[in-house]
Amino acid sequence: MAEPSNPDPRAQHLSVWATAQRTGPVQRRGRYVPESTAHPARMLPAIAAHAIAAYTNPGDLVLDPMCGIGTTLVEAVHAGRDGIGVEYESRWSDIADANLRHARQQGATGRGGVIRGDATAIQSLVPAALAGQVALVVTSPPYGPTVHGHVAVGDELDVRDNRYNDGSDKGNLAYRDLTGLADGFADILRGCATLLRPGGTVVVTARPWRKRGELVDLPSAVIGAGVRAGLVPTERCVALLAAVRDGQLVARPSFFQLRSVRKARAAGTPMHLIAHEDVLIFTKPESSVQLPSTADGAGGRR
Ligand SMILES: C[S@@+](CC[C@H](N)C(=O)[O-])C[C@H]1O[C@@H](n2cnc3c(N)ncnc32)[C@H](O)[C@@H]1O
């Protein structure tokens, strides 16, 4: 693994990442264009920054195949890395462009770019010369429309369901069921694997959600997708969405999260408020291993 460039190396080698010591709005203020708040499922900037510091060196190339408003790219260019992103919805890729311009104006030294397109065909979107050049992929799959919501506190509480699109376009993985999402995500990771350099790292954040009371285990589906894409799961970490204050976790739930936990508890389901993202970490093998074929024809490359 590359030596971390973080000034406090002790913090880089813990499996629990203290990524919400400051709230999301405070982390983004002045660093992201105001339009960014419209996106329903942004990554906390500190999560992307932590992954970049822990797994890359200055000058390395970082990729986010589902880059939304460009959090991974902005944090990469501020840290002196280069960043390239793909985003399906032009509504978000335009904001990612604006965020990269903003970062440049603020003196970020890395180079960044965004491509609008379907990342399940990422190899046909990015320049062929990038094959084998990416040091780190940082990404997060869309969590499904049931968990997205937006709360703005103004004169009145404005609560709205903030969907990606009208739901009819299944090219956006947010509108597929878990199997369709996992299959599409495996395709994306397969493409990313060809762009990664040998030994390169993939960091995926994900959390489970509930559908009619049942747990939908997205993190396990992500691990399965990574393995199908030929990546090796190497670590499972936790990125806190709660602050640590005086040895206690201080949660920062959204209105929707609080409401659904309260409803579940009132109905007798002992649910907890989610205070972390699962961080699933994979490595691209240094070289592919040729497995001996077996009598039943199984085996092959992994
Ligand atoms: C969880 S969000 C990522 C947010 C991002 N990390 C940020 O901080 O803005 C997932 C993103 O994947 C995008 N997406 C969904 N399907 C896609 C596809 N097939 N190709 C590329 N992007 C896709 C969605 O539009 C959404 O913006």
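Let's start with the contacts of this predicted model: in the protein chain, among contacts between residues at least 6 apart in sequence, 71% join residues at least 24 apart. Keep that in mind as you work through the exercises.

**Exercise 1. Find how many helices and strands the protein chain has, and what percentage of its residues is buried.**

Solution. Begin with the elements: the protein chain has 9 helices and 14 strands. Next comes burial: of the 302 residues, 38% are buried.

**Exercise 2. Work out how H3 and H4 are placed relative to each other, and which residues meet.**

Solution. Step one is to locate the helices: H3 covers residues 45-55 and H4 covers residues 71-78. Step two is geometry: their axes lie 9 Å apart and the packing angle is about 50°. An angle like this makes H3 oblique to H4, and their crossing is right-handed. Step three is the contact itself: Pro 45, Ala 48, Ala 49 and Ile 52 of H3 meet Thr 71, Thr 72, Glu 75 and Ala 76 of H4. Sorted by class, the residues of this contact are 5 nonpolar, 2 polar and 1 charged.

**Exercise 3. Decide whether Pro 45 is buried or exposed, and list what it touches.**

Solution. Then look along the chain: Ala 20 is 25 residues away from Pro 45 in sequence, yet their C-alpha atoms are separated by 9.3 Å. Finally, setting aside neighbours within four places in sequence, Pro 45 is in contact with Gln 27, Arg 28, Arg 31, Thr 71 and Glu 75.

**Exercise 4. Which residues touch the most other members of the largest nonpolar core?**

Solution. The core has 71 residues, and Ile 52, Leu 136 and Val 203 touch the most other members. H3 gives this core its largest share, 9 residues. Now zoom in on Leu 136: leaving out residues up to four places away in sequence, Leu 136 touches Ala 51, Ile 52, Tyr 55, Thr 56, Asp 60, Val 62, Gly 200, Thr 201 and Val 203. As background, nonpolar side chains tend to be buried together in soluble globular proteins.

**Exercise 5. Describe how H7 and H8 cross, and what the buried residues of H8 pack against.**

Solution. Start with the axes: those of H7 (residues 178-195) and H8 (residues 218-228) come within 8 Å and cross at roughly 40°. That makes H7 oblique to H8, and the crossing is right-handed. At the contact, Leu 178, Ala 182, Phe 185, Ala 186 and Leu 189 of H7 meet Ala 221, Val 222, Gly 224, Ala 225, Gly 226 and Arg 228 of H8. By class, this contact has 8 nonpolar, 2 polar and 1 charged residues. Turning to burial, the buried residues of H8 include Leu 218, Val 222 and Ile 223. The partners of the buried residues in H8 are H7 and strands E8, E9, E10, E11 and E14. After H8 comes Gly 230, with a positive phi near 90°.

**Exercise 6. Is Asp 246 buried or exposed, and where does it sit?**

Solution. Find the place first: Asp 246 is in the loop between strand E12 (243-245) and strand E13 (248-250). Asp 246 has 5 C-beta neighbours inside 10 Å, so it counts as exposed. Last, check the backbone: although Asp 246 is not a glycine, its phi is positive, at about 50°.

Terms used
Residues numbered from 1 in each chain as written. Predicted model: local features only at pLDDT ≥ 70, side-chain atom pairs only at ≥ 80, totals over all residues. Helix = DSSP H or I, 4+ residues; strand = E, 2+ residues; numbered from the N terminus. Buried ≥ 20, exposed ≤ 12 C-beta atoms within 10 Å, placed from the backbone. Contact = placed C-beta atoms within 7 Å. Axes fitted to C-alpha atoms, helices over the stretch in contact; angles between N-to-C directions. Parallel < 35°, antiparallel > 145°, perpendicular 65-115°, else oblique. Left-handed = near helix turned anticlockwise from the far one by under 90°. Nonpolar A, V, L, I, M, F, W, Y, C, P; charged D, E, K, R; others polar. Core = buried A, V, L, I, M, F, W, Y, C linked by C-beta atoms within 7 Å.
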